[in-house]
Amino acid sequence: MKTKLYFTAIMFLGMMGVSNAQAQNPECMTNLSIFSEHAKVKNYDAAYEPWKMVYETCPQLNNAIYVYGERILKDKVEKATGADKEKFANELIGLYDNKLKHFASKTNVAETAIDKALVKYDNKMATDEEMYKTLDDAFKQDQENFKNPKALYIYFSTLVDLNKAGTKDLQEVFDVYDAVTEKIETENEKLTGQISKLLPKEEAGTLTSKEKSRLKSYNSYSEVYGKIAGSIDSKLG
């Protein structure tokens, strides 16, 4: 059985790309295959221990560690309570840092900061001041990749709350409002351009399955950006 899993892992890594040195560890290879198979069918409880072994021992082995690891840990956070919930949330935050460290080509500074901030926001692990500073730093450092609609809203919303609490100037609120609304408009323009390219094919009934999926995603994101823009205007008052 272990031999079969080992060769399955070799085939898997051959398709996905692997760190050669860490691929020489047969236990990591076997557990990579085990947790991947469990995660594919959403059996995250069974996936956790073999995933954790690979993550801690061979963190550069394959990007699947981080793709599936995110799903495994989000499931753990959702199901846990009390101290365990915070433990898994912190583990997830660490995962995002390590993905940027070991697989920088698969992520970026803004995405990493946003992912970490949203874990903290959803689990009430940060003050408004901490949340705003994290997102403000990410926006200023890597605005090109700061595209998450929810993060854009939280970025502005926490600033408004801080202004109401007397810790941030009104001018900063206006400056960030201008920057965030401009960012939303820019991203919506890009989406509109992508949608426009696919509409003729949709009308002709010649969209491929991948193009149908992309068009659905573009329309969904455009709708969300529109809702977020309205929420930001309402927050400003």
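1. A residue is called buried here when its relative accessible area is under 20%, exposed when that area is over 50%, and partly exposed in between, with a 1.4 Å probe and protein chains only. By that rule Cys28 is buried, because its relative accessible area is 0%.

2. Some conventions apply throughout. The model is predicted, so local features need pLDDT of at least 70 and side-chain atom pairs count only at pLDDT 80 or more, while totals for chains, interfaces and linings use all residues. Residues are numbered from 1 along each chain as its sequence is written, and side-chain values use heavy atoms, with hydrogens and water left out.

3. The disulfide count is 1, where a disulfide is taken as a pair of cysteine sulfur atoms within 2.5 Å. Cys28 and Cys58 form this link, with their sulfur atoms 2.1 Å apart, and the 80° about the S-S bond makes the link right-handed. The pair joins distant parts of the chain, 30 residues apart, since Cys28 lies in helix H2 (residues 26-40) and Cys58 in the loop between H3 and helix H4 (64-79); helices (H or I, at least four residues) and strands (E, at least two) are DSSP runs, numbered from the N terminus. Cys58, at 2% relative accessibility, also counts as buried.

4. The structure holds 12 aromatic pairs, a pair being two rings of Phe, Tyr or Trp (its six-membered ring) whose centres lie within 6.5 Å, with planes under 30 degrees apart counted as stacked, over 60 as edge-to-face and the rest as tilted. One of them is the tilted pair of Tyr48 and Trp51, at 5.9 Å centre to centre and 40° between the planes. These two residues are 3 apart in helix H3 (residues 44-57), which means that about one helical turn separates them. Tyr48 counts as buried at 8% relative accessibility, and Trp51 does so at 0%.

5. A further tilted pair is formed by Phe156 and Tyr177, at 5.8 Å centre to centre and 55° between the planes. Because Phe156 lies in helix H8 (residues 149-164) and Tyr177 in helix H9 (residues 170-204), this pair ties together parts that are 21 residues apart in sequence. Both Phe156 and Tyr177 are buried.

6. Ring pairs also link Tyr48, Trp51, Tyr55, Tyr66, Phe88 and Phe103 into a cluster. Lys76 lies over Tyr48, at 4.8 Å from the ring centre, and the charged end of Lys87 sits over Phe88, 4.5 Å from its ring centre.

7. Helix H5 (residues 82-102) has 21 residues and reaches 31 Å from its first C-alpha to its last, close to the expected 30 Å, which is 1.5 Å times one less than the number of residues. Its buried residues include Phe88, Leu92 and Tyr96, and what covers the buried residues of H5 includes H3, H4 and helix H6 (109-122).

8. Two aspartates may be checked together. Asp136, in helix H7 (residues 128-141), is buried, with a relative accessible area of 9%, and a polar contact of 2.6 Å joins its side chain to that of Tyr155. A polar contact is a pair of N or O atoms within 3.5 Å; within protein, one must be able to donate a hydrogen and the other to accept it, and residues adjacent in sequence count only if both atoms are side-chain atoms. Asp175, in helix H9, is partly exposed at 44%.

Definitions and conventions:
Lys NZ or Arg CZ within 6 Å of the ring centre and 35° of its normal. Contact = heavy atoms within 4.5 Å.
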